[in-house]
Amino acid sequence: MRILVVNCGSSSLKYQLLDMDGERIMASGLMERIGEPIGRVSHRTQTASGPIHQVTFERTMTNHRAAFREAIRQLTASATGAIAGPEEIDAVGHRVVHGGEAFREPTLVDPAVLDAIEKTIPLAPLHNPANLMVINIARELFPYIPQVVVFDTAFHHTIPPHARHYALPWSYYEELGVRRYGFHGISHRYVAREAARRLDLPLKSVNLITAHLGNGASICAIRDGASVDTSMGMTPLQGLIMGTRAGDLDPGVMMYIARRLNMSVDQLEEVLQNESGLKGICGMNDMRDIQKAAESGNERARLALDMFAHRCRHYIGAYAFELGRVDALIFTAGIGENDAHIRAACCGGLAPLGLELDPFKNQAPEDHHGEISAAGSRIKAYVIPTNEELEIARQTVKVVGSLG
Ligand code: ADP
């Protein structure tokens with residue numbers, strides 16, 4: 001079965017074509033700066049042994065429709081495309097950021113589903129409109145191909161009420177949907193499944209703490225294979241310190257800043273979304289730059305690293321306590337997969353709690369099948385590269401397969 005996975009942001013569109021017999025990537029691409037005067041297209045067609053065609057060029061794409069058409073053009077180009085025509089695609093899997101209360105699992109798209117996604121727009125005004133637009137375009141261009149929506153929030157629907165709700169007037173939940181939803185669910189689920197495989201245990205019986213540390217970052221507590229708590233909340237602003245997002249904050253601080261600086265709600269959101277986090281602390285949001293600056297004596301960069309790790313440890317500790325038994329701690333995403341210093345800082349001093357890293361393995365996890373914990377560590381630790389596209393494709397296959 002060939003699955004086209006589409007992951008689209010407000011000005012970008014990422015895609016991957018997978019042959020699910022063998023879970024092989026046939027082609028992938030990224031359209032950037034959609035709607036700007038000059039956009040950028042990157043596309044690669046590949047076989048099991050590597051890329052056979054790779055292009056990057058500039059092209060104006062006035063909207064997501066133009067970007068999607070360009071992606072299909074690249075996928076089906078006569079000399080270099082992965083397939084002869086769109087009829088060779090069996091299903092399209094779309095990543096949708098927010099599924100609200102309605103969506104607890106991947107779902108086949110029909111008009112009622114589109115209506116329900118439309119209703120979640122107030123909860124994710126930056127992401128869901130673009131997701132919805134591309135689903136509509138794909139349906140229009142390929143009405144005969146099944147479209148499946150896979151939600152970043154769905155994995156967290158198992159979070160119990162005591163961890164799900166905010167202590168606010170109850171009507172805000174009932175009337176406005178204010179509650180914790182959690183994000184990065186596609187990634188947390190993918191690495192949880194991979195971790196269970198490495199532990200040689202059924203997913204249904206593993207307790208894990210998964211740390212997705214990228215530009216956006218969240219930690220998830222997983223009991224018996226299901227999410228029971230996560231650091232992100234109603235929006236992806238809560239929890240860990242991120243590239244440009246503050247994470248947990250005394251709500252009183254927001255009122256204070258808004259009053260003192262005479263800020264509108266939109267201005268405040270802009271600060272919390274794009275000017276805070278690591279960037280707010282030290283002026284940089286790329287962890288590689290921050291590590292370099294800290295090494296050369298930049299104190300604010302050092303503080304940013306310490307604050308980042310401190311917040312991670314706070315959640316790891318809380319979730320270890322909440323779970324009682326932890327089989328493994330998993331690091332994933334850009335920072336989690338690549339930054340040995342941050343991993344060490346997150347786990348330092350936890351030997352009495354049963355978690356001890358092996359410093360050599362931590363420097364080169366790929367040489368040890370991702371395992372970075374010391375031989376005697378009761379809690380294992382792994383670095384597992386995330387693969388959200390593959391997870392979306394797997395879930396799409398499940399939905400399409402069940403159609404009979
Ligand atoms: P997102 O998908 O949320 O945009 P990624 O998962 O790609 O984010 O992670 C981006 C982050 O990973 C950036 O902060 C980047 O600096 C960090 N990163 C990538 N490679 C490395 C590395 N080798 N060492 C440290 N940090 C890294």
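A backbone N or O atom of Asn215 lies 3.0 Å from an oxygen atom of the ligand, a polar contact in the sense of a pair of N or O atoms within 3.5 Å.

| Residue | Protein atom | Ligand atom | Distance |
|---|---|---|---|
| Asn215 | backbone N or O | oxygen | 3.0 Å |

Taken alone, the ligand exposes 580 Å², and the protein buries 65% of that (Shrake-Rupley areas with a 1.4 Å probe).

A word on the model: this is a prediction, where local features need pLDDT of at least 70 and side-chain atom pairs count only at pLDDT 80 or more, while totals for chains, interfaces and linings use all residues. Residues are numbered from 1 along each chain as its sequence is written, and side-chain values use heavy atoms, leaving out hydrogens and water.

Now to the surroundings. The shell around the ligand includes Gly214, Asn285, Asp286 and Arg288, each with a heavy atom within 4 Å of the ligand. By class, the shell holds three nonpolar, six polar and three charged residues, with Gly counted as polar. Helices H10 (287-295) and H12 (333-338) are the elements that give two or more residues to this shell, and H12 supplies the largest share, four residues. Helices here are DSSP runs of H or I with at least four residues, and strands are E runs of at least two.

Finally, the record: in an unreviewed UniProt entry, the annotation "binding site" covers Asn7 and Glu388; such annotations may be inferred rather than shown by experiment. Although spread over 382 residues of sequence, they cluster in space, with a largest C-alpha distance of 9.5 Å. Asn7 belongs to strand E1 (residues 2-8).

Notes:
A polar contact is a pair of N or O atoms within 3.5 Å; within protein, one must be able to donate a hydrogen and the other to accept it, and residues adjacent in sequence count only if both atoms are side-chain atoms.
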